[in-house]
Structure formats: C-alpha cells, structure tokens
Amino acid sequence: MSYLNEVLAARELLANLTMREIRGKYSRTVFGQLWSLVNPLVLMLIYTLVFGFILKVQPAPGNPSGLDVFALWLLCALLPWTFFATVLTQTVGSLVTHANLIQKVYFTRIVLPLSVVGSSAYTWLFEMFILLVALTIGGARVLPWLPLLVLQMLLLALFAAGLALMAAIANVYFRDTQYIVGLLLQLWLYLTPIIYPLSLVTKQSDQVGPVLGTTVTIADIYSLNPMVHFVGIFRNLLYDNRAPEVAEWLICTAWAFASIVVGALIFRRNEMRLAELL
Amino acid sequence: MSEPAVRVEHVSKSFRLYHERNQTLKSAVMRRRVSVHDDFWALKDVSFEVPAGSTFGIIGSNGSGKSTLLKCLAKIYVPTSGAITYNGRLAAMLEVGSGFHPELSGRENVFLNGSILGMSRKEIVSKFDEIVEFSGVSEFIDQPVKNYSSGMYVRLGFSIAITVEPDILVVDEVLSVGDAEFQAKCFAKFREFRQSGRTVIMVSHSLDSITQMCQKAVWINRGTVMAVGDAAMTVKSYRDSLSGSL
C-alpha cells in the first residue's frame, strides 16, 4: 500500500513524462499525431486484402448489431492488440534507454515504464474514437456499451502494464529480452483470434476431439491465452453490441490483476538496485 | 545542538567487480552462470553527521569513494549496510540538465525537469520567472533545448535544481559550471541557502573553494573516513598527506 502511495505521489511526474513521450514522438513531423493512425490502417488494409479477400475468412455477422464488414470486425480486435503490442515493445527498453537519468537523479523509477503505457494509451484512445465513429456510421449502436468498453480498456491496460514492468526489469539483466518480446508478440498475434474468428478454432477442435486420451481439447489449451478473452470481449461490445459473459469478464479481471500485482512486486524488488545494474 | 540535517551511520557499500558478466541469455546458458565476481568495498563503515544550516564538503583523491558516498546520499545507490537518515526534503544534482528532452522547448523542459526533481506544478509555475531569470536564457526559453549552447543548457539545468529549495541540497562539482559571472551568482545563492538554514553537501576537487565555502568537511580515502570536522582543518590534513606522499 505504501508503494501505491509513492506512485500516486509521483503522478505529476508521470503526467509530465507521458506528455514528453507524446510530444517528443511526433515533433517536427508534418502530420504529427496522424501518423499513429497510419500503422493500424495499413495493417487493416493488408489483413483485409489477404484474409478477407484472398483467403475469404468469413466471420459471422454481428449479433444483434447485424454488421458484416470484415475491416470493422478486424479493427475491433486489432486496435486493442496493437496497443498491447506497442506497450510491450516500447517499455521493454525504457529502463535501459533512460539509464543516464536513473544514474543521476532519484525519483520513483516505475514512472518510466508507466509513462510509455500512458502515451500508448493516449494514441489508443485516439484510434478507438475513430473506430467508434466508423462503427456508428456502419450501423452499430456502440454508445450504450461505452462504460463497459472503458472498463475493459482499463483492464487491458493493467494487464499490459504488469507484463511491461516484468519485461523492463528482465531487459536490465538480459538485453535479449527486447528481441524475445518482439518474436513472442508475432507468435502471440497468430495465437489470438484477431485476423480469424474463434469459431474456426472451435470447429477444428471439435473435429479432433480430446487430445492424447485426456478430456482436454485444443480449444481448452487455446483459451489459456488471456488475449483470447480480452479480444472476445472487445468484439462483443464493439462489433456485436451485446453483453459479454460474466465468466469472461472474471477471467480478464483475474489476469489483469495477477499481471499488475506480480509486475509491481518484481519491479519493486529490483528498483533499488537499478542504478548499479544498468 | 540542534538535530543534524543528515546522519550517516556505519554506511558500507560493495560493488561487484565482474570478471565475467553474461548479459545475454546465450552466454549465461553456455557458461552456466550469470556472472563471476568479487566484492569490492567502495565504502567501509562510514559515519558522520552533517549539521543543519551548514555547507558540508566531501574531499578525497580520485577513486576514494566520494562519488559513491554522494550517490548514496542522493538515494541513487542503496547502501549495502548501514543507514542514512535525513531531516527534511532532499534534492540532488549530480549532473545538471539530465532528463532534458532535446526536442522540447526550454519552457516544457523546466516543467519536466522540475517534476523529476520533486516539485509540484504549482510550485514550478510560481517560480518559473525566477528560474528563467537566474539562468539568463529568457530570450530562448521557447526554443528547443537541442539548439542551446552547452553553457545555456547547463545554466538552465542548474537554475531549476537550485530553485527546488530543498532543505538539503547534494551537488557534485557544480563550481565548474558556467562562466565566472554565473559562478559568482551560484556562490551568492549558496550563501543565501545557508542563511535561510538550509544544508548543502558538495563534492569538489578544488580545495580552495571547499575552504572558502564550507564550514565542515569529511575526507575520504579508500572508502574510509580519514578525518571529519572543521573544513579548514580537514583540508589541511588532506594537504599534508598529499605533500607527505610526494
């Protein structure tokens, strides 16, 4: 609890560092913040072309929203994913790049990775706003689900922040971590139903049946991936416009809190020695 | 006698001297270990008190442990054993202008750096003019700091740190900052500090400025305290040891 107080006391610093990240990122570019939209848009075009048009992946229409647009269906899961991936790839090196600052000034170190989470969240909010507008134009009724959407975004941010704290510390000990994180994220993207619907996995799983004489199915193993549940809820809220199952919420909440608690504990144990370790 | 501003009690600090350090997973796995190291004691059982409202100097030869001691005082290192207790708010300035973002303007950097040093937004707003005035870069305050000359950079950094108005200020070799005019301003500021009952702890290689500015000093050699007390006396015994060894 006292640690939480310390972090709260540093909230102004956190806000200032976040502003520094945001302003520094696009300074001296002509399009500024608009650049942050380019990345998801290009990904959307590629995936829609390859998976929606060439491979003909056909997700079920939104129920009850009735939406049937591959690009929108994709973005509902892709934007949360890109936020998650950006947080991890950018925080993993945050302590190492600020080594100079850590060795010269005392402050609550945790604000360094958290400020990256903050600046990524800012970009994400911007993207999600555009998506909400696009969904509304497409005929979805997203406004009633807005409070739940904000809650789910918070949960994903907590989950990402916890992992980011662990990765940042690991990278201080082993500089390999940053490359491993990049690789794992690529793998993780394909293990999560973002560019294909979850129904394809359950269909395969039903055909194969229980594996190796146990009662465990492929779908069971597949759903160990927390991102399956996070992404599912985002699609429920945004694309289908219906309430997600309570069990799914509980799974996401459990993952989010487990991640942030473990992350904060690991960070705290190593924080004191950062100046020497770097 | 009043409460000391800082009390250093039996502080020791060891570092690992790595003969082999495997910072990549491959080498850690291949060599089956993360590191091979010896402990090196940079500070051994250091104890002293810094009286409140004084300017306190730390002297010693290169590699004597001054900087380690200063970093322990600035809370950047945590002592391996022993404790340091503070009586008041601490600000440390081991390198001026660290934490400046080159692309941001001087104004934005004042707010950023001020909050890193522990000032609230309100405090910075109220002292903003004073900071800019002291640094003498007011004409360029809205320019990105990457266009600053090194002197302007350092002066702005120093002005922020000194305006934090801590009860205890820890500084490293700041007397080499800026031109003679700016140095004179700094001296005056330190005097003002002392008169308002604040404590300054400084490291310097310039023994003359230590005798000039400090009332008390500690002499560190090879991680142990050789002498502590009146600045003039401490500097004298340090000088004697130097001339004796030559």
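Hi everyone, and thanks for having me. Please keep in mind throughout that we are looking at a predicted model.

Let me start with chain B. Chain B has eight helices and nine strands. Along the principal axes, its C-alpha atoms fill a box of roughly 55 × 55 × 35 Å. Of its 246 residues, 43% count as buried. If you take the contacts in chain B with a separation of 6 or more, 71% of them join residues 24 or more positions apart.

Now to the sheet in chain B. What is the order of its strands? Reading across, you go S5-S6-S7-S3-S8-S9; the sheet is open, has six strands, and its pairing is mixed. At the edges sit strand S5, residues 90-93, and strand S9, residues 224-230, each pairing on one side only. On average, and ignoring direction, neighbouring strands here are turned by 15° against each other.

Let's walk through a piece of that sheet. Strand S3(B), residues 55-59, pairs with strand S8(B), residues 216-221, in the parallel sense over four bridges. If you want to find this pairing on screen, Phe56(B) has Lys216(B) as its bridge partner, and Gly57(B) has Ala217(B). On we go from S8(B) to S9(B): these two pair in the antiparallel sense, over six bridges. One pair to click on there is Ile220(B) with its bridge partner Val225(B). S8(B) and S9(B) form a hairpin with two residues between them, and in that turn Arg222(B) has a positive phi of about 50°.

Helix H6(B), residues 180-195, lies across S3(B), strand S6(B) (168-172) and strand S7(B) (199-203), and it runs at about 140° to S7(B).

Next, the contact of the two chains.

In general, two packed helices are described by the angle between their axes and the distance between the axes. For H2(A) and helix H3(B), residues 106-116, the angle is about 140° and the axes are 9 Å apart. The crossing is left-handed. From H2(A) come Glu12(A), Leu13(A), Asn16(A) and Arg20(A), and they meet Phe111(B), Leu112(B), Ser115(B) and Ile116(B) of H3(B). By class, the residues of this contact are four nonpolar, two polar and two charged.

So is H3(B) enclosed or open? Ten of its eleven residues are buried, so H3(B) is largely enclosed by the rest of the structure. Among those buried residues are Glu108(B), Asn109(B) and Asn113(B), along with Val110(B) and Phe111(B). And what do they pack against? Their partners are H2 of chain A together with helix H4 (121-135) and helix H5 (150-163) of chain B. After H3(B) comes Gly118(B), with a positive phi near 100°.

As a general point, nonpolar side chains in soluble globular proteins tend to be buried together. In our model, the largest nonpolar core has 137 residues, and those with the most contacts inside it are Ala160(A), Ala164(A) and Val170(B). Helix H8(A), residues 146-173, gives this core its largest share, 14 residues. Leaving aside neighbours within four places in sequence, Ala160(A) is in contact with Phe84(A), Val87(A), Leu88(A) and Val117(A).

For contrast, I'll finish with Trp35(A). You'll find Trp35(A) in helix H3(A), residues 35-54. Is this tryptophan buried, exposed or partly exposed? With 13 other C-beta atoms within 10 Å, Trp35(A) is partly exposed; the cut-off for buried is 20 or more. Beyond its neighbours within four places in sequence, Trp35(A) is in contact with Tyr26(A) and Thr29(A). Thr123(A) lies 88 residues away from Trp35(A) in sequence, with 10.0 Å between their C-alpha atoms.

That's my tour, and I'm happy to take questions.

How values were computed. Residues are numbered from 1 along each chain as its sequence is written. Chains are lettered from A and ligands numbered from 1 in the order in which they are written. This is a predicted model: local features need pLDDT of at least 70, side-chain atom pairs count only at pLDDT 80 or more; totals for chains, interfaces and linings use all residues. A residue is buried if 20 or more other C-beta atoms lie within 10 Å of its own, exposed if 12 or fewer, and partly exposed in between; C-beta atoms are placed from the backbone. Two residues are in contact if their C-beta atoms, placed from the backbone, lie within 7 Å. A nonpolar core is a set of buried Ala, Val, Leu, Ile, Met, Phe, Trp, Tyr and Cys residues joined through C-beta atoms within 7 Å. Axes are lines fitted to C-alpha atoms, for helices over the stretch in contact, and angles run from 0 to 180 degrees between N-to-C directions. A crossing is left-handed if the near helix is turned anticlockwise from the far one by less than a right angle, and right-handed if clockwise. Ala, Val, Leu, Ile, Met, Phe, Trp, Tyr, Cys and Pro count as nonpolar, Asp, Glu, Lys and Arg as charged, and the others, Gly among them, as polar. Two strands pair if DSSP finds at least two bridges between them.
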